[in-house]
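Work through the exercises below with the model open. Try each task before reading its solution.

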Amino acid sequence: MNEAPARRASIRRRLLLFLVGSLLLTVAGASFVSYWVGMESASDAYDRALLDPAIDIAENIKVDAAGARVDLPRRAVEALVYDHVDKVFFQVRAESGRIVDGVDDLPPPPGALEVDQHLFFDGVYHGDPVRIAALRASNGFVVQVGETLNKRNRLVKEILLAGLIPTLLVAGVSIGLAWVGIARGLQPLERVRNHLLSRRSGDLSPIPEIHAPIEILPVVDAFNGLLGQLRLANELQQRFLANAAHQLRTPLAGLQMHLELLSRRELPPDTRAEVGRMHGATARAGHLASQLLALARAEGGSDRSHPSELINLRTVADDAAHRWAPKAIARNIDLGFALEPALVPGDALLIPELLDNLIDNALLYTPEGGTVTVATGQREGTPFLSVEDTGPGIPAAERGRVTERFYRVPGTAGDGSGLGLAIVKEIADRHGATIEVSTRDASGGTRVRVEFLQRAPAVGTVRARQG
Ligand SMILES: Nc1ncnc2c1ncn2[C@@H]1O[C@H](COP(=O)(O)OP(=O)(O)O)[C@@H](O)[C@H]1O
Ligand SMILES: [Mg+2]
């Protein structure tokens with residue numbers, strides 16, 4: 001149904017991609033500009049340095065009877081065109097094209113030169129790229145000085161590095177800062193998520209907007225709207241269930257009363273048996289209606305309709321003792337109590353309901369002559385309530401399912417409806433309490449233990465929820 005997209009959209013990835021992309025573009029642009037400006041001025045300087053020896057040579061060209069020559073000692077000429085990095089070549093050419101001095105195969109300038117005019121051009125000499133300065137002296141001779149590009153290439157690298165390293169550094173730091181910044185910026189989302197995760201199941205109260213940054217407020221609002229609708233639907237359903245169960249209980253109680261009256265009359269034995277069965281079935285139907293009502297109450301309503309107060313589990317168990325004693329005696333079961341005070345914030349109607357369902361099961365499923373013990377108290381600061389019996393026990397594999405609605409362990413005798421432990425779970429959930437189903441001891445039996453929240457923080461929690 002909801003196939004995950006190949007790659008989920010991520011705010012972090014989009015922001016980073018955008019940022020890294022634009023930073024890289026900026027870095028490339030800035031490097032290019034600084035490279036270009038640097039190169040222009042540096043190669044101007046090198047060009048001028050190349051022109052100087054050409055001028056010196058041109059000034060020393062002598063023409064006499066012996067012909068034209070450069071009137072400088074050889075060593076002076078060599079010094080003029082010496083460079084410790086590059087190979088430098090020169091050439092002096094007469095107007096006629098005759099080479100007067102220097103190498104004879106330097107590439108010629110791309111165009112004709114006026115007298116006293118000079119130019120620079122790129123060429124190739126013996127397979128190496130070279131830069132050449134060409135100058136036409138006033139006496140018509142063309143002097144060219146060329147050099148290989150080692151110096152210039154080294155400068156290109158230096159300029160590039162000098163420009164790039166700081167820019168890359170700045171870019172790297174910016175991306176790092178952006179990474180941290182985005183993580184921090186997204187923290188409020190994490191807070192909302194944690195808030196949602198920390199809710200108890202079935203909590204449909206709105207998400208407090210203080211948790212949400214402005215940017216996701218619309219989402220939170222929409223979500224709260226949805227929660228509101230769910231709450232309303234839930235309430236309607238619970239109200240319906242409660243009303244239906246309540247409406248059923250009254251006629252069932254009437255029916256039961258009439259059957260009791262009927263059974264007091266003188267009746268033929270088979271009719272009496274029939275009336276007895278009808279009475280039993282009516283009692284079960286009444287019980288079911290009561291349980292449905294209890295479930296609706298446990299689930300539902302708002303917290304406000306059942307004010308939360310501090311309840312002593314011991315008092316609750318004490319009250320239950322009176323209610324259940326007759327049934328225990330009738331079934332010849334030793335119903336015992338081991339009660340220590342245990343204060344829990346809770347609902348004064350629901351907690352007795354929870355205990356009643358546990359005792360009901362224990363008395364129902366424990367064979368005659370057995371023992372049922374109700375205990376309350378604190379264990380390591382945690383208030384608890386437990387009911388144990390010497391009955392058949394609940395198989396380990398079934399312990400997870402017995403709290404489901406209408407679930408009964410297959411083969412269970414009696415005619416329960418499977419709602420008792422569901423009610424217990426619902427009430428426990430509502431109080432943030434946990435249920436643990438285990439065996440009473442090595443010889444079997446059932447022990448159901450309900451652990452409530454520790455008192456001090458629990459009061460705050462419950463109050464906060466009421467808010
Ligand atoms: N004290 C107990 N001893 C043995 N089995 C129990 C006990 N309590 C509950 N059970 C098992 O768990 C099932 C679910 O219990 P419950 O929700 O109260 O439904 P019901 O009692 O109506 O069957 C029961 O059908 C029974 O099999
Ligand atoms: Mg039951």
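Buried means under 20% relative accessible area, exposed means over 50%, and partly exposed lies in between. Keep in mind that this is a predicted model.

**Exercise 1. Classify the two partners of the salt bridge between Asp-71 and Arg-69 as buried, partly exposed or exposed.**

Solution. 
- Start with the contact. The closest N and O atoms of Asp-71 and Arg-69 are 3.4 Å apart. A salt bridge needs a Lys or Arg side-chain nitrogen within 4 Å of an Asp or Glu carboxyl oxygen.
- Take Arg-69. Its relative accessible area is 35%, so Arg-69 is partly exposed.
- Take Asp-71. Its relative accessibility is 34%, so Asp-71 is partly exposed too.

**Exercise 2. Find what the salt bridge between Lys-327 and Asp-360 ties together, and classify each partner.**

Solution. 
- Check the distance. The closest N and O atoms of Lys-327 and Asp-360 are 3.4 Å apart.
- Place the residues. Lys-327 lies in helix α7 (residues 313-330) and Asp-360 in helix α8, so the bridge ties together parts that are 33 residues apart in sequence.
- Classify Lys-327. At 28% relative accessible area, Lys-327 is partly exposed.
- Classify Asp-360. At 13%, Asp-360 is buried.

**Exercise 3. Determine how α1 runs relative to α3, and how α6 runs relative to α8.**

Solution. 
- Begin with α1 and helix α3 (residues 150-185). They pack at about 160°, with axes 8 Å apart. That angle makes α1 roughly antiparallel to α3, since the cut-off is over 145 degrees.
- α1 and α3 cross in a right-handed way.
- Turn to helix α6 (residues 269-299) and helix α8 (residues 350-365). Their packing angle is about 140°, and their axes are 11 Å apart. So α6 is oblique to α8.
- The crossing of α6 and α8 is left-handed.

**Exercise 4. How many salt bridges does the structure hold, and which residues are linked in a network of them?**

Solution. 
- Name the network. Asp-47, Asp-83, Asp-86, Asp-122, Arg-131, Glu-147, Lys-151 and Arg-152 are linked by salt bridges.

Terms used: Residues are numbered from 1 along each chain as its sequence is written. Chains are lettered from A and ligands numbered from 1 in the order in which they are written. This is a predicted model: local features need pLDDT of at least 70, side-chain atom pairs count only at pLDDT 80 or more; totals for chains, interfaces and linings use all residues. Side-chain values use heavy atoms; hydrogens and water are left out. Axes are lines fitted to C-alpha atoms, for helices over the stretch in contact, and angles run from 0 to 180 degrees between N-to-C directions. Helices (H or I, at least four residues) and strands (E, at least two) are DSSP runs, numbered from the N terminus. Angles under 35 degrees count as roughly parallel, over 145 as roughly antiparallel, 65 to 115 as roughly perpendicular and the rest as oblique. A crossing is left-handed if the near helix is turned anticlockwise from the far one by less than a right angle, and right-handed if clockwise. Buried means under 20% relative accessible area, exposed over 50%, partly exposed in between (1.4 Å probe, protein chains only).
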